[in-house]
Amino acid sequence: MKNKKFVILFLSLMMVVSVLAACSKNNTTNTPSNTNSNNKETNQPTGSTGEGTEGGFQDYSNGFTENVTIEIPVYDRAFEGWNVSDNYYTRWIQKEFGDKYNVTVKYVPISRSNEVQDYQQLLAAHKAPDIIFHYDMPQQIAYYSEGVLQPIEWEEIANYAPTYWANLGDTIEQYGVINDEKIYFYAERPEADNYVNLIRKDWVEKVGMKVEDLTSLEKYNEMLVKWKEAGLGVLGGSLTRNNFNYNYAFRDWPIDAEYRALYSDLSIADFTSVATERWLKNLNYQYNNGLIDKEFYLRDEESKIKSEFVAGRTGTFGSYLTSNTDVIAATLANNPEAEFAVVPPYAGVPEGLKPQGRGYWPFGFIMGINYETPELERIAIWMFLEWMSQPDNLFFLQNGVEGDNYTIDSDGIAVRNDDFAGESVLSLNNNKDYWALVIEGQLYDDPEVNRKAQIRNWAPAGYEYLAEDLLKYYEEGAEFRTPDALFTEVVPTVSEYKADLNELFQELYIKIATSPEDQFDKLYEEAKQTYLDAGYQEILDEKQEIIDKGNFR
Amino acid sequence: MKASNNLTTVKGMKRYDAWDVVINIVVALASLACLLPLIHILAKSLSKDAYVLANKVLLWPMGFTFDAYSKVFADASIIRSLGVSVFITITFTILGLIVTICAAYPLSRKQLKGRSFITFIFVFTLIFSGGIIPEYMLINSLGLLDTLWSLILPPAFSAFNFLIMRSAIYSSIPVSLEESARIDGAGHFRVLFNIVLPLSKPIIATLALFYAVGRWNTYQDALFYIKQSIDLRPLQLKLYYMVVTASESFQLESTNVQLTNPDVLKAACVIFATLPIIIVYPFIQKYFVNGIMLGAVKE
Amino acid sequence: MKFVNALIKRDADNRSFLYYLKRDRQLYMLLTIPIFFVLVFKILPMFGLVIAFKDFKIAKGFWDSEWVGFQIFQDIFAKRDFGRAIRNTLLLNTLDFVLSFTAPILLAILLNEIKSIRLKRINQTLLYLPHFLSWVIISALAYQLFSVGNGVINNLIENFGGDRIPFLQEDNHWLLSYLLIGVWQSMGWGTIIYLASISSINPELYEAAFVDGAGRWRKVWHITIPGIRVTIVTLLIMNLGRVMGGNFERVYSLANKATTEYTTTIEVLVYRWGIESGQFSRATAIGLFQAVIGLILVILADRIAKKLGEDGLL
């Protein structure tokens with residue numbers, strides 16, 4: 001008798017507790033989840049509507065009658081001494097934009113290193129900002145599948161943010177649709193890429209070659225053989241992980257759009273394609289002949305790859321070139337006779353193929369509007385983007401106060417005054433996290449001026465030629481750069497299998513690359529089958545269906 | 001009576017034999033294996049970036065420099081973070097001990113009704129957990145976000161520590177002692193304060209150490225709960241952010257981000273983490289002395 | 001059901017509930033504090049466990065997400081890596097348990113035997129230093145020392161004419177290294193609990209044994225070890241509750257992509273399927289699975305301990 005009582009006591013305790021928990025949660029979840037299902041309908045503002053009728057939008061150019069609060073996310077990189085949600089620039093934004101339109105601009109810090117988790121916690125607690133941003137499409141698709149993004153109206157954006165729309169309207173129309181819903185809007189990305197492959201020029205010349213001679217993969221490998229014989233060092237290697245354009249140099253040209261859509265992916269490696277086979281065979285050859293870092297698979301972070309180059313064990317190193325990079329100084333400290341050059345684009349390309357590259361999409365941030373954001377706040381956001389797209393405002397945010405933070409030099413470029421430590425001091429990355437909502441980098445109208453500015457930003461002192469070469473090769477390779485394909489439908493099998501397939505890819509390719517050359521064909525065939533069975537076949541099938549429907553860009 | 005270790009003879013003379021040598025050597029080797037990596041890290045933290053990058057530093061700094069430390073201290077808010085960490089560590093330790101003792105003592109009394117049941121619930125919560133999102137939502141509903149209490153209250157009760165303390169009370173406090181006190185009319189509170197606590201000094205010291213070290217080094221919860229009030233960031237969180245910032249590679253940034261080699265920073269972080277404990281531990285060690293308490297009470 | 005009954009039976013008696021409440025009211029008062037903390041901070045968030053049975057969408061929240069019953073569990077069990085992960089988890093944890101559980105006990109006993117107090121203290125302090133290193137740092141150190149290409153140890157071995165050993169780059173070697181590094185990292189810290197326990201042993205027992213002519217090891221066997229028996233049993237049972245768990249950071253940091261036989265464990269899957277992909281239902285489901293197994297084991301171990309005459313946990 002007593003036993004049963006105790007059991008019932010325990011169970012009822014658990015139930016009471018869960019009910020209590022449910023109640024307290026329901027108070028906060030009830031209202032939003034009700035409006036959530038309504039949101040999608042009431043998004044069309046009643047009365048003034050976004051049906052494209054002219055004059056259908058309310059005019060708020062004199063401000064909102066009642067104060068509207070918008071919550072803007074901003075990356076928190078924990079820069080020393082910088083309060084990311086309250087500083088000179090947030091106050092300036094409030095003064096110049098917020099006060100003018102009767103809007104309160106609140107900044108919500110999102111930790112850069114943990115952003116998805118941050119967003120998820122905030123969303124679960126219904127405290128997420130009005131904009132949900134991310135740099136990668138797959139994650140944004142995941143957000144969409146979670147139901148946290150609301151559909152938007154392009155006419156609404158065009159109405160309240162004409163300048164912004166003029167800059168990005170095409171991009172939004174091209175890329176912003178998923179499952180037939182208009183969800184995403186973007187920030188601009190200037191056409192620039194400062195990724196560079198550095199090579200030890202002194203090593204190249206020591207074996208009697210010149211950097212300009214490296215016009216094909218075959219010649220490159222010859223040089224590596226010479227390096228090995230001279231006891232200089234090997235090619236820098238690294239773990240190919242979360243990188244899905246590793247085999248572009250081995251693809252046929254020109255590219256068929258459907259082939260591209262099927263095999264190029266942002267989350268899954270195309271292990272079974274011919275290009276991968278060629279790439280892998282080359283890697284296998286380099287490995288077995290001691291031409292590449294034997295422990296390349298241990299180099300899974302940039303610092304480890306850098307370490308080998310700095311120590312003088314490897315002769316190449318790829319990374320983003322910035323004016324304050326430490327790789328040059330560090331390499332010189334350990335190898336005083338080192339000289340540097342940029343690897344020409346054809347060096348990694350087998351004879352007859354082209355140096356294909358991944359064309360970045362014309363956008364930086366991919367953004368969506370929080371499903372809980374009401375209409376007025378959404379409109380305020382468009383107006384905010386419009387305000388930030390004005391060149392004067394943008395320039396101020398990017399550079400600060402003229403005379404204090406910077407001076408304009410004879411080329412028309414803003415030269416940063418590094419010693420300035422006054423009130424309007426910029427954040428450590430030039431406030432990028434604030435203006436990245438409209439553009440990804442600094443852009444001068446005049447292309448010449450822009451080029452000069454880029455070289456200034458990218459090249460360490462005394463090594464301007466590296467940036468020059470980088471730009472020259474970039475322009476040369478322009479015709480061979482193609483952007484990734486984007487599906488306008490969610491591809492469920494990709495999200496289902498991508499984590500596992502990526503692990504499998506790494507396991508398989510390393511195993512094959514490090515096996516003896518005569519076993520390559522057999523091992524690769526087996527591995528292809530394993531990969532297909534593990535879910536890749538399903539993905540290909542599903543993607544093919546979508547392609548046949550034509551739902552891709 | 002000498003209360004140090006069990007081989008002391010009544011006469012106070014120590015005898016050494018071959019085993020002593022062996023034991024000392026074995027333990028010394030183990031200690032060395034534990035010390036050397038720390039020395040390596042210390043050396044790295046005092047070395048020039050370029051050599052650390054090239055992995056050349058072993059046990060002695062190369063290109064001796066205090067750069068990493070000066071970068072850490074250049075940020076004035078580090079001192080504040082230090083203060084925050086000290087505060088929450090001390091508060092947390094005291095609170096944790098109180099809560100643990102309040103659980104361990106009653107549940108060590110065999111005559112308590114519902115003893116197994118309550119223990120079961122505690123152990124249950126050790127094994128099952130709701131997950132980070134529900135925990136975040138809870139802290140949010142309680143209004144504890146961006147306050148130091150979010151770092152002090154939730155982890156205060158540790159079932160693990162509770163079990164250890166309970167088993168220590170079992171084994172170190174004979175029932176006879178308690179019974180004679182009860183016969184003399186002492187209530188449970190009296191027994192707790194006058195008998196159990198004094199006799200449990202070693203275990204209390206141990207748990208104090210566990211609580212303190214745990215709180216000092218953990219930053220994962222602060223990562224989620226302390227967002228807007230950057231003044232309240234504990235030390236380890238600040239250091240973690242510094243390492244992360246140093247490890248980023250910037251694309252298209254027209255930056256003036258001062259990149260410090262993350263490895264050197266990481267090394268400095270470790271030194272920061274271990275120093276306080278090295279300072280505090282010797283004070284705790286004096287409680288690990290054999291039987292001194294038992295003897296004293298008997299008198 | 002039976003189990004809970006057994007729990008209650010243990011405490012069952014014929015007197016009324018109120019009598020006990022009155023008699024031990026001071027104890028119950030003390031208990032309210034920890035019970036409060038547990039209720040609020042540990043039991044309340046457990047509502048989150050419910051998403052193991054739901055298709056969790058953040059927008060719908062915990063309550064409105066669609067109920068799917070055991071579907072998620074079925075999906076997980078069917079995945080090819082799951083079986084391998086279970087094998088690896090059990091393998092790593094069991095072996096780890098054998099080594100990492102016994103090492104601190106042995107070390108504590110040895111430390112206790114050291115006569116010089118000062119040496120004792122210095123050693124203690126040094127031994128627990130590895131506890132403060134994060135696994136990321138430890139793995140960087142490990143590879144710096146043990147990697148085949150350029151590791152310090154291997155360089156030394158080669159200098160002395162030996163062959164390089166793939167400590168971390170061959171499956172079985174990796175397993176051994178993983179275990180030994182784990183011992184190194186945790187042994188010093190584990191000794192603290194045992195040392196505290198040992199210091200509670202009545203010194204009169206030692207004196208009596210000495211008078212009886214017992215040698216050093218006799219004393220250890222008959223006094224020291226029994227003296228810490230309760231602690232050992234408690235920790236043992238608690239560790240059994242974690243046999244399906246494990247330390248994600250430890251495996252993930254020490255693993256490398258060429259040596260993958262033993263490196264997929266359940267914790268790794270929680271990270272890969274749950275946290276990395278933002279699928280909380282999955283992560284919670286796996287966590288639930290681990291916890292249920294752990295609980296069953298704890299209860300079983302507790303029963304066995306009781307049968308052997310120990311006090312057990314519960």
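**Helix α7 of chain C and its setting in the three-chain model**

In helix α7 of chain C, which spans residues 117-127, the buried residues are C:Lys120, C:Asn123, C:Gln124, C:Leu126 and C:Leu127. Viewed down the axis of α7(C), these buried residues fall within an arc of 165°, and they therefore line one face of the helix. This arrangement can be read against the geometry of the α-helix in general. With 3.6 residues a turn, residues three or four places apart point the same way. The cover over the buried residues of α7(C) includes elements of two chains, namely α1 (18-45) and α14 (262-285) of chain B together with α6 (80-113) and α10 (171-198) of chain C. The model is a predicted one, and the values reported here are computed from it.

Chain C as a whole contains 16 helices and 2 strands, and its C-alpha atoms fill a box of roughly 70 × 60 × 30 Å when taken along the principal axes. Of the 314 residues in chain C, 46% are buried. Among the contacts in chain C that join residues at least 6 apart in sequence, 63% are between residues at least 24 apart.

The domain assignment of chain C gives domain 1, covering residues 15-69, and domain 2, covering residues 71-307. The C-alpha centres of domain 1 and domain 2 of chain C lie 31 Å apart, and the contact between them takes 9 residues from domain 1 of chain C and 7 residues from domain 2 of chain C. On the side of domain 1 of chain C that touches domain 2 of chain C, the residues divide by class into 5 nonpolar, 2 polar and 2 charged.

Between chains C and B, 75 residues of chain C are in contact with 84 residues of chain B. Helix α3 of chain C, residues 25-43, gives the most to the side of chain C that touches chain B, contributing 11 residues. By class, that side of chain C is made up of 47 nonpolar, 17 polar and 11 charged residues.

Chain B, which supplies part of the cover over α7(C), has 15 helices and 0 strands. Buried residues account for 49% of the 299 residues in chain B, and 68% of its contacts between residues at least 6 apart in sequence join residues at least 24 apart. The average pLDDT of chain B is 80, with 86% of the residues scoring at least 70. Within chain B, confidence is highest in helix α7 of chain B (residues 149-152), at 94, and lowest in helix α15 of chain B (residues 292-298), at a mean of 42. Over residues 1-13 of chain B the pLDDT is below 50, and this stretch has 24 contacts in the model beyond near neighbours in sequence. For residues 292-299 of chain B, where pLDDT likewise stays under 50, the model has 11 contacts beyond four places in sequence. Where pLDDT is low, the predicted coordinates should not be read in detail.

Chain A contains 19 helices and 15 strands, and 39% of its 553 residues are buried. In chain A, residues 24 or more positions apart account for 77% of the contacts with a separation of 6 or more. Chain A is divided into domain 1, formed by residues 68-190 and 363-396, and domain 2, formed by residues 195-360 and 462-549. The centres of these domains of chain A, taken over C-alpha atoms, are separated by 34 Å, and 10 residues of domain 1 of chain A are in contact with 8 residues of domain 2 of chain A. The elements giving two or more residues to the side of domain 1 of chain A that touches domain 2 of chain A are α4 (137-146) and β5 (177-178) of chain A. The largest share of that side, 5 residues, comes from α4(A), and by class the side has 7 nonpolar, 2 polar and 1 charged residues.

The largest nonpolar core has 291 residues, and those with the most contacts inside this core are A:Ile132, A:Tyr186, A:Met367, A:Leu385, B:Phe122, B:Met165 and B:Ala268. When residues up to four places away in sequence are not counted, B:Ala268 touches B:Ser45, B:Ala68, B:Tyr69 and B:Val72. In soluble globular proteins, nonpolar side chains tend to be buried together.

Methods:
Residues numbered from 1 in each chain as written. Chains lettered and ligands numbered in written order. Domains from an automatic or database assignment. Helix = DSSP H or I, 4+ residues; strand = E, 2+ residues; numbered from the N terminus. Nonpolar A, V, L, I, M, F, W, Y, C, P; charged D, E, K, R; others polar. Buried ≥ 20, exposed ≤ 12 C-beta atoms within 10 Å, placed from the backbone. Arc of directions from axis to C-beta. Core = buried A, V, L, I, M, F, W, Y, C linked by C-beta atoms within 7 Å. pLDDT = per-residue confidence, 0-100.
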